[in-house]
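Subject: Structure handover

Hello,

Here is the structure for you to look over. My notes follow below it.

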Amino acid sequence: MNLNERSQLLFKHLMALYLNEGRPVGSSVLAKLPDVSVSSATIRNVMADLEKMGLIHSPHTSAGRVPTEHGFRVFVDSILTVQPLNASSMKQIEQGFNQAQTQEELLGSASQILSGLTGMASLVMLPNQEQEVLRHIDFVRLNDKRALVVLVLNDLDVQNRVIEFDEPVSASHLEQASNYLNEHFAGRHLYEVKQLLVQRMDELRKTMDQLMVSIVEATDEAIDSKMKQGMPYFISGKTNLLNYDELADAEKLRALFQSFEEHSDMLNLFNKSMQAKGLQVFIGQECGNESYQNCSVITTPYERDGEVMGVLGVVGPSRMPYDKIVPRVDMTARILSSLLNK
């Protein structure tokens, strides 16, 4: 949308005032700004034009105007100037990761960092389990019929599962199974491991004794359990949303929190973000659910070894300081990606 210089200046000032104060902005307020050198009557005419374009509207009979969802979209896409991240925020992000050692701890830390840094709800999507790479498999014998299978994924993520057998299992059997599995499957994505295990199971039954087959089958079940487990994302700072008047209604919050718990709406946004690449801003109805009215979601992917592993982002009021929030989301993803690559 092309705005002339005067319209763009007045729309930019209206957005700045509304984002800062959350109240309708009248022509008399704009006329008092130092770089607005036109009359209130001229400003009213410009605002009438902006209203016809669908960028602003009057929430009630007062003279003030507020941005529409379309207005927010035009502002974010065409007018927003992002501020560089200051040293204090950068230090807060880096220190927030200090205690994290595993992949899961890094992702959880990213969620906590974002909610603290932005004052909003934050979400960090866990990697698609099928995308995870199996680095190593080992077994720890617990007793004659029980063992611990240790799955090392993506170098940083260690998963343990207890597996049980109908017959006694020796340490040599477990070592033999570990050697076979590492030789044939280490370095592959979990979905490849699953496919190959299914394809080779008949062959294994012919070439291995029943006990070895049982160990491999139990390992297959452990990998399957890993791929199906748990919440699809970490979430932090939901109570931060109570601090915003436009979201503080009990029914509004209940609907938002229910959407977080049901996963599908947020996962759809995350999938869109992964496909689009780069930082994305979803406003109001673009989020796909009416419970996100007056909300915006800012997302960006994080990577490992050049491959997108998941998405992180924040949820807050559409009236948020985009110029500050956008670089904080972006830098958190960049630092998380660099740590996952180590």
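Domain 2 and domain 3 bury about 650 Å² between them, with 36% of that on carbon and sulfur atoms. Buried area here is the accessible area (1.4 Å probe) that two parts lose on being put together, summed over both. On the domain 2 side, Gln103, Glu104 and Arg304 lose the most area to domain 3, together 56% of what that side buries.

A word on the source. This is a predicted model: local features need pLDDT of at least 70, side-chain atom pairs count only at pLDDT 80 or more, and totals for chains, interfaces and linings use all residues. Residues are numbered from 1 along each chain as its sequence is written, and side-chain values use heavy atoms, with hydrogens and water left out.

The domains are as follows. Domain 1 covers 5-79, domain 2 covers 87-127 + 231-341, and domain 3 covers 133-229. These bounds come from an automatic or database domain assignment.

Back to the interface. The C-alpha centres of domain 2 and domain 3 lie 35 Å apart. Twelve residues of domain 2 are in contact (heavy atoms within 4.5 Å) with eight residues of domain 3. Salt bridges between the two number zero; the rule asks for a side-chain nitrogen of Lys or Arg within 4 Å of a carboxyl oxygen of Asp or Glu.

Helix H6 (103-118), strand S11 (307-317) and helix H12 (322-341) each supply at least two residues of the domain 2 side that touches domain 3. Helices (H or I, at least four residues) and strands (E, at least two) are DSSP runs, numbered from the N terminus. H6 gives the largest share of that side, three residues.

Two single residues next. Thr68 sits in the loop between strand S2 (66-67) and helix H4 (69-79). Thr68 is buried, at 16% relative accessible area. Its side chain reaches the backbone nitrogen of Gly71 at 3.0 Å. Gln280 is in strand S9 (residues 280-283). Gln280 counts as partly exposed, at 22% relative accessibility. Buried means under 20% relative accessible area, exposed over 50%, partly exposed in between (1.4 Å probe, protein chains only). The C-alpha atoms of Gln280 and Thr299 are separated by 5.3 Å, though 19 residues apart along the chain.

Best wishes

Key:
A polar contact is a pair of N or O atoms within 3.5 Å; within protein, one must be able to donate a hydrogen and the other to accept it, and residues adjacent in sequence count only if both atoms are side-chain atoms.
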